[in-house]
Amino acid sequence: MKTWLIIGSLFAFSGILASSLSSHAIKDTLFLNASYDSFVLAQNLLIFHGLAIIVYAYLAEKLKLKLLNYATVGIAVGILFFSSSIFIKGLTGTFPLGFLTPVGGALMMLGWLLSVLSFVLFKRN
């Protein structure tokens with residue numbers, strides 16, 4: 001659980017940092033590369049999913065939801081692929097591994113579906 005709490009916290013921190021940068025230091029670069037809106041979406045999703053990972057880490061351990069651990073992996077890898085590819089493209093104007101954006105989005109969706117399944121199958125002892 002400790003690892004997930006750290007990862008979730010780092011994701012949320014990274015989203016807040018990206019938010020600060022996109023509002024001030026790199027705003028002109030993002031507009032020049034026509035990627036400001038995508039960058040803002042990526043930073044917001046990073047914050048949101050970081051918080052979700054923290055909550056899921058707690059729930060998975062306290063409620064013994066093993067499937068929720070797989071959901072958390074999907075969400076974590078997905079948001080890492082999704083946000084990092086958008087951040088790199090926003091800063092450089094290009095990203096040769098652009099396929100990571102939709103792969104990341106699909107992994108996030110899979111993670112959320114696995115979390116739904118985990119909660120549906122949950123039986124309180």
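In what order do the elements of the protein chain run from the N terminus on? They run α-α-α-α-α. The chain has five helices and zero strands; both are DSSP runs numbered from the N terminus, with helices being H or I of at least four residues and strands E of at least two. This is a predicted model, in which local features need pLDDT of at least 70, side-chain atom pairs count only at pLDDT 80 or more, and totals for chains, interfaces and linings use all residues. Residues are numbered from 1 along each chain as its sequence is written, and side-chain values use heavy atoms, with hydrogens and water left out.

**Overall dimensions and surface**

- Along the principal axes, the C-alpha atoms fill a box of roughly 55 × 25 × 20 Å.
- Of the 125 residues, 37% count as buried. Buried means under 20% relative accessible area, exposed means over 50%, and partly exposed lies in between (1.4 Å probe, protein chains only).
- The chain exposes about 7400 Å², and carbon and sulfur atoms supply 71% of this area. Accessible areas come from the Shrake-Rupley method with a 1.4 Å probe; for residues, only the protein chains shown count as cover.
- Take contacts between residues at least 6 apart in sequence: 75% of them join residues at least 24 apart. Contact means heavy atoms within 4.5 Å.

- The expected span is 1.5 Å times one less than the number of residues.
- Its buried residues are Trp4, Gly8, Phe11, Ala12, Gly15, Ala18 and Ser22. Viewed down the helix axis, they fall within an arc of 120 degrees, so they line one face of helix 1. The arc is that of the directions from the helix axis to the C-beta atoms.
- An α-helix has 3.6 residues a turn, so residues three or four places apart point the same way.
- The buried residues of helix 1 pack against helix 2 (27-32), helix 3 and helix 4 (66-92).
- On the other side, Lys2, Thr3, Phe13 and Ile16 are exposed.
- Ile6, Leu10, Phe13, Leu17 and Leu21 make a nonpolar surface patch of about 460 Å². Leu10 has its place in helix 1 (residues 2-23).
- Patch residues have over 30% relative accessible area and no salt bridge; like charges are joined within 9 Å, and nonpolar side chains (Val, Leu, Ile, Met, Phe, Trp, Tyr) within 5 Å. A salt bridge is a side-chain nitrogen of Lys or Arg within 4 Å of a carboxyl oxygen of Asp or Glu.

**Helix 3 and its end**

- Helix 3 (residues 36-62) has 27 residues. It reaches 39 Å from its first C-alpha to its last, close to the 39 Å expected.

**Helix 5**

- Ser118 is found in helix 5. It is buried, with a relative accessible area of 4%.
- Leaving aside neighbours within four places in sequence, Ser118 is in contact with Leu65, Leu67 and Leu68.
- Leu117 is also found in helix 5 (residues 100-121). Leu117 is partly exposed, at 39% relative accessible area.
- Leu117 and Leu68 are 49 residues apart in sequence, and 8.6 Å apart in space, C-alpha to C-alpha.

**The loop between helix 4 and helix 5**

- Gly93 is found in this loop. At 38% relative accessibility, Gly93 counts as partly exposed.
- Leaving aside neighbours within four places in sequence, Gly93 is in contact with Asn33 and Ile88.
- Gly93 and Thr29 are 64 residues apart in sequence and 8.8 Å apart in space, C-alpha to C-alpha.
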